[in-house]
Amino acid sequence: MFNNTSIMYITVRISIVGIVQGVGFRPFIYNLANSLGISGTVKNSSSGVIIEATSSPDTINSFYNGIIQNPPPLSRIDSMMREEIPLINFPGFHILESEIQPGTFSLIPPDIATCPDCLRELFDPSDRRFRYPFINCTNCGPRFSIIHQMPYDRPNTSMEGFPLCMECLAEYEDPANRRFHAQPIACPNCGPVITLYQNKKIVSTHETALKNSRKIIKDGGILALKGLGGYQLVCDASNLDAVKRLRKGKLRSSKPFALMVHERKTIEKYCHMSKDDIGLLQSPQHPIVIMDSRNHILAHNAPGIETLGFMLPNTPLHYLITESAPHFPEVLVMTSGNISEEPMHIDEETAFLRLGNMADGFLAHNRPIINRVDDSVVKSGRSYFMPMRRSRGFSPDPILIQEQLPSVLASGALLKNTFTLLIKNQAFVSQFIGDLDNLETYKEYESAIERYFDLFQFIPEVIACDQHPDFLSTRYANIMADKRRLPLIEVQHHHAHLAACLGENQLPLDKEVIALCYDGTGYGTDGAIWGGEILVGNALSYQRMGHLEYMPLPGGDLSIKKPYRIAIAYLHALGLDPTSSLPPFSYCSEEEREIIKTQVESRLNTINTSSMGRLFDAVAALIGIKEEVSYEGQAAIELETIADPVENGHYNYAITNGIVSLGSIFGSIVDDLKAGQSKERISARFHNTIANLSYSAIVNIMERTGFDTVVLSGGVWQNSLLLDLTANLLEKNKINTKIHTKLPPNDGCISFGQSIIAGSITKRK
Ligand code: ZN
Ligand code: ZN
Ligand code: FE
């Protein structure tokens with residue numbers, strides 16, 4: 001290597017931290033070094049990748065810049081350090097074996113959708129993996145869903161039972177090959193196979209299984225399909241009977257179903273797709289993207305709302321099952337394989353048991369799923385990207401924060417639960433777990449936490465949970481803290497929302513911000529249900545500066561499912577025309593109405609709430625668009641859907657000592673109804689009102705405190721109309737506004753918020 005003695009050579013060590021393992025980083029370095037004639041080594045370390053390189057200073061510079069400018073598509077460089085070390089005479093450039101120190105961990109790569117190269121091979125008749133349902137490479141394929149132990153090497157994945165054939169081994173060992181060290185690689189000779197089960201018996205395998213499965217779908221049946229992170233249920237999205245049967249089987253009366261198409265251009269027929277939507281659909285994660293629908297052809301898949309959630313195939317098997325053919329449906333329902341709120345099933349045995357009554361066949365395979373991951377759901381907005389469910393493709397990628405904190409396990413909320421392991425400046429937010437009220441989901445929660453502890457070799461120093469004493473996540477945290485004799489920090493729900501938005505936007509954790517935390521339910525320090533909260537604070541403490549006026553919620557949970565009860569209770573509480581012929585009264589017997597009235601007057605069997613979610617429910621019922629709901633947020637979504645886009649008026653409101661009174665808003669809506677104003681216009685005025693009152697509350701607090709930054713968190717912000725209106729007002733007035741773009745604004749972000757609060761408090765004690 002030192003053939004040209006007139007040039008001075010140096011040796012440098014380059015340490016790279018980020019997502020640099022399992023993404024083809026070492027072959028990239030190997031090829032780049034060889035193309036520049038650099039000698040040296042590259043290896044994975046517990047924290048990233050370490051390169052030692054010898055060449056002239058100029059060549060080393062080109063090498064360094066080449067790494068920064070052109071890293072592999074799935075990698076992410078968080079930091080890169082370079083230091084000169086004593087000169088080493090390397091015999092060429094080599095990739096060294098991984099070096100894993102005990103007690104440390106490296107990042108676990110998330111699952112990645114089939115890449116364009118593999119897709120081309122999948123449909124290339126001359127390729128040896130032609131139509132092979134498990135084709136993958138260094139740039140794509142299963143990762144997190146098949147890992148049971150670190151380091152991420154084949155024996156630690158569910159590919160352990162599939163020894164590589166000679167051809168695959170040669171690819172695996174060739175640094176210049178796209179499949180170099182791709183742990184899950186396989187081919188028809190050595191890898192997993194698909195099988196179709198009917199009545200628990202194998203009826204066909206390979207191409208025949210695929211053909212028969214597609215016939216089930218084509219004939220209007222329901223197929224249970226073993227996807228990447230769990231079973232899915234599949235049917236023809238244009239077949240009303242099939243969709244109806246699926247709803248009945250899943251006990252899911254109206255919650256929208258996700259849809260899948262083989263090719264992106266098909267979506268154009270059904271939805272308005274923005275550039276951002278296309279970017280999201282084709283991103284390495286291939287999430288479900290919520291888009292505005294163009295027509296009502298597929299409306300039965302998402303009743304009452306004017307959006308549809310589409311995704312593109314994310315595994316080779318999905319490409320094969322959706323493949324276009326004459327008379328084969330071009331849009332498929334692709335929904336999670338479970339009943340109602342149960343976790344998705346991942347093994348054949350439980351899938352047969354629980355889905356047997358609705359599925360006409362089970363397209364299974366023999367690669368076990370280790371970590372259950374649902375499909376992720378995202379939405380693009382005017383100038384943002386918002387996750388609604390962060391799961392496949394994203395978890396367990398860490399969320400980076402501004403400083404190093406003690407290790408925390410945060411147990412999360414109750415609904416849309418996630419948990420978080422906080423390690424130094426990285427928060428590992430789990431995939432979407434679901435609603436812990438369901439016993440099966442709760443069991444999955446417990447075992448997922450155990451798996452994360454193993455994977456990350458995690459030893460918590462402190463446990464964090466919600467303040468709600470009855471949340472199953474809170475009880476879990478109590479047991480864990482007792483068992484391990486660790487301090488337990490109970491975090492107020494909306495404080496966790498504030499901290500989550502502060503943290504994911506990488507603001508300093510002690511920076512004081514103003515937070516609009518709008519959601520359905522959060523346990524308040526006074527025992528009331530909070531949810532329309534204006535807070536100031538940081539990751540250490542908070543103060544409640546304002547909130548919606550307390551209203552009585554009659555009979556708790558019953559009212560959440562029946563918004564007309566909320567509307568009636570609010571009308572009574574506000575002393576507004578309870579004898580009128582307003583819409584909510586038509587859903588209600590004289591008797592039920594009397595009971596609600598008595599409950600409100602005596603405050604018996606009612607609970608006080610400042611919930612913004614309930615206010616949206618009440619208004620939706622008041623104007624007669626939704627009297628009963630079957631999933632959380634349904635009334636609010638339908639209220640948002642009908643809003644007149646050109647109406648810019650708003651109602652008068654009053655804020656006294658931070659308390660937003662609802663009397664004038666409700667009074668104005670009742671007046672509008674009596675005057676025959678359209679629902680569309682009233683909905684728009686109501687949205688405008690909430691945006692305006694939020695803005696004036698913030699301006700008032702800014703004047704008093706001097707704080708300059710606003711964060712928006714809570715499930716209500718999934719309402720794009722409200723978010724756009726509010727963010728526009730704030731930004732137009734040059735107020736620094738932060739929203740969620742990495743985590744969902746709903747309770748999926750709570751565990752992250754809890755973790756950085758508990759970490760910050762513990763660190764500064
Ligand atoms: Zn690939
Ligand atoms: Zn093979
Ligand atoms: Fe919440």
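Visitor: Before we look around, what does "buried" mean here?

Guide: A residue is buried if its relative accessible area is under 20%. Keep in mind that this is a predicted model.

Visitor: Why is F25 called buried?

Guide: The relative accessibility of F25 is 1%, and the cut-off is under 20%, so F25 counts as buried.

Visitor: What makes F28 buried or exposed?

Guide: F28 has a relative accessible area of 15%. The limit for buried is under 20%, so F28 is buried.

Visitor: What makes F25 and F28 an aromatic pair, and which kind is it?

Guide: Their ring centres are 5.6 Å apart, and rings pair if their centres lie within 6.5 Å. The planes stand at 65°, and over 60 degrees counts as edge-to-face, so edge-to-face is the name for this pair. Both residues lie in helix α1 (residues 25-36), 3 residues apart, or about one turn of the helix.

Visitor: Why is the pair of Y570 and F666 called tilted?

Guide: The planes of Y570 and F666 are at 50°. Under 30 degrees would be stacked and over 60 edge-to-face, with the rest tilted, so this pair is tilted. The ring centres are 6.0 Å apart, and the pairing limit is within 6.5 Å.

Visitor: Why does this pair tie together parts that are 96 residues apart in sequence?

Guide: Because Y570 belongs to helix α15 (residues 563-573) and F666 to helix α19 (residues 663-674). Y570 is buried, at 1% relative accessible area, and F666 is buried too, at 0%.

Visitor: How many aromatic pairs are there, and which residues form one aromatic cluster?

Guide: The count comes to 19 aromatic pairs. One cluster is formed by F144, F419, F428, Y442, Y445, Y452, F456 and Y476.

Visitor: How do you know that the charged end of R544 sits over the ring of W530?

Guide: The charged end of R544 is 3.7 Å from the ring centre of W530, and the distance limit is within 6 Å, together with an angle within 35 degrees of the ring normal. R82 likewise has its charged end over the ring of Y64, 5.2 Å from its centre.

Visitor: What describes the packing of α20 and α21?

Guide: Helix α20 (residues 679-705) and helix α21 (residues 720-732) pack at about 35°, with axes 9 Å apart. The crossing is right-handed. Residues in contact include H687, Y695 and I698 of α20 and L721, T726 and L730 of α21. The contact residues divide into 9 nonpolar, 5 polar and no charged.

Notes. Residues numbered from 1 in each chain as written. Chains lettered and ligands numbered in written order. Predicted model: local features only at pLDDT ≥ 70, side-chain atom pairs only at ≥ 80, totals over all residues. Heavy atoms only, no water. Axes fitted to C-alpha atoms, helices over the stretch in contact; angles between N-to-C directions. Helix = DSSP H or I, 4+ residues; strand = E, 2+ residues; numbered from the N terminus. Left-handed = near helix turned anticlockwise from the far one by under 90°. Contact = heavy atoms within 4.5 Å. Nonpolar A, V, L, I, M, F, W, Y, C, P; charged D, E, K, R; others polar. Buried < 20%, exposed > 50% of the residue type's maximum accessible area, 1.4 Å probe, protein only.
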